[in-house]
Amino acid sequence: MARMIRLLVEDRPTIYHVMSRTALDGYPLGAVEKDYLLSSFKRFSALYFAEILGFCIMGNHFHLLVRMMPAEMIDDNEMDRRIRHAFGPDAVIAPALRERLRLKWSRLSEFMREIKQTFSRFYNARHHRRGYFWGDRFKSVIIEDGRTTIHCLAYIDLNPIRAGLVRRPEDYRWCSIGYHLQSNNADAFLSTDFGLEDDHRNTRDRLRLYRRFLYEHGQEASPKGPGISTRLVEESAKSGYEYSVTDRLRLRSRWFTDSGILGSQAFITELIQKFDCIKNRVKSPKEIDGLDFFALKRFNESQ
């Protein structure tokens, strides 16, 4: 079968809805695999000129909504920052290599290649296997900024609802609405654009408006599966689509089971020094917004 032509726009910022499916049977993407794939999204979007608007990682495929910036829009200061991020603070890059990197880091195909190849190596090593992990080439759809963007983002975030995995979209930790609310958008990984045209609203208002759009459009069932229950939509509407302290506690409750250490920053810092297995590879404790304490991630033996 002939391959479909990939449509790419390279002379202006362009949003793409990217999809890729595994070649393996069943649902090979478990919690560990989903966490690693998410970390790859974060790692490479910090290097490439890629702004992540949304994502969803399911058991056998993923969706990514990404805005790619053209090479000619990247100034020298931004290139210097990315080079230091990639090669270290004292890196010296020849002009020719610098320009090759400028082009590479602006290309969607290179961005996706690095993500997928990095994940394939991780998966094969973890499961002691060889061979392909991903199926055909990733699919990509060019998305118009604005109203089309928010519809596409909602479609992506509703995947766990359609699959019957959760009752509320934000209960699923491996999608963008879940990431916004469970981690408070840790490391500012996700754009708060949401396809909303008014850039003067603050992040909290924009998130509330997006949640309203998501719930109102997600209550209808689709051929892919059920919608959000009418009762949950009505409850959310009564609250003005805001989140109470109880809601934030519920959404961030996974910190109580997925962390290595929880408590004050001083408590965690003191304990780090007691564990030789982690003190040389640990980062600063992460503050959990809305819960008024800090967490240290859990390390596995291979990290």
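## Helix packing and selected residues in a predicted model

Asp 76, Met 79, Asp 80, Ile 83 and Phe 87 of helix α2 meet Arg 98, Leu 101 and Arg 102 of helix α3.

How are the two helices arranged? Two packed helices are described by the angle between their axes and the distance between the axes. Here α2 (residues 76-87) and α3 (residues 95-104) pack at an angle of about 95°, and their axes lie 11 Å apart. Angles from 65 to 115 degrees count as roughly perpendicular, so α2 is roughly perpendicular to α3.

One residue of this contact deserves a second look. Arg 98 is found in helix α3, and with residues up to four places away in sequence set aside, Arg 98 touches Asp 76, Met 79, Asp 80, Ile 83 and Ile 93. Is Arg 98 buried or exposed? Its relative accessible area is 16%, so Arg 98 counts as buried, the cut-off for that class being under 20%.

Let us move on to Ser 176, which lies in helix α7 (residues 176-182). What does the side chain of Ser 176 make a polar contact with? The partner is the side chain of Asp 157, at 2.6 Å. Beyond its neighbours within four places in sequence, Ser 176 is in contact with Leu 53, Gly 54, Phe 55, Leu 153, Asp 157 and Leu 190. Ser 176 is buried, at 1% relative accessibility.

Now for the cysteines: how many disulfides does the structure hold? The count is 0. Cys 175 is in no disulfide, and the nearest cysteine sulfur, that of Cys 56, is 5.3 Å away. A disulfide needs the two sulfur atoms within 2.5 Å. Cys 175 is buried, with a relative accessible area of 0%, and Cys 152 is buried too, at 9%.

Once neighbours within four places in sequence are left aside, Lys 42 is in contact with Tyr 179, Ala 186, Asp 187 and Phe 189. With Tyr 179 there is also a polar contact of 2.9 Å between the side chains. Lys 42 is partly exposed, with a relative accessible area of 24%.

One of those contacts, Asp 187, brings us to the loop between α7 and α8 (203-218), where this residue has its place. Phe 194 lies in the loop between α7 and α8 as well. Asp 187 has a phi near 65°, a positive value in a residue other than glycine, and Phe 194, not a glycine either, has a positive phi of about 60°. What of their accessibility? Asp 187 is exposed, with a relative accessible area of 57%, whereas Phe 194 is buried, with 2%.

Here are the accessibility values for several of the residues discussed.

| Residue | Relative accessible area | Class |
|---|---|---|
| Cys 175 | 0% | buried |
| Ser 176 | 1% | buried |
| Phe 194 | 2% | buried |
| Arg 98 | 16% | buried |
| Lys 42 | 24% | partly exposed |
| Asp 187 | 57% | exposed |

Note on methods:
Residues are numbered from 1 along each chain as its sequence is written. This is a predicted model: local features need pLDDT of at least 70, side-chain atom pairs count only at pLDDT 80 or more; totals for chains, interfaces and linings use all residues. Side-chain values use heavy atoms; hydrogens and water are left out. Buried means under 20% relative accessible area, exposed over 50%, partly exposed in between (1.4 Å probe, protein chains only). Helices (H or I, at least four residues) and strands (E, at least two) are DSSP runs, numbered from the N terminus. A polar contact is a pair of N or O atoms within 3.5 Å; within protein, one must be able to donate a hydrogen and the other to accept it, and residues adjacent in sequence count only if both atoms are side-chain atoms. Contact means heavy atoms within 4.5 Å. Axes are lines fitted to C-alpha atoms, for helices over the stretch in contact, and angles run from 0 to 180 degrees between N-to-C directions. Angles under 35 degrees count as roughly parallel, over 145 as roughly antiparallel, 65 to 115 as roughly perpendicular and the rest as oblique.
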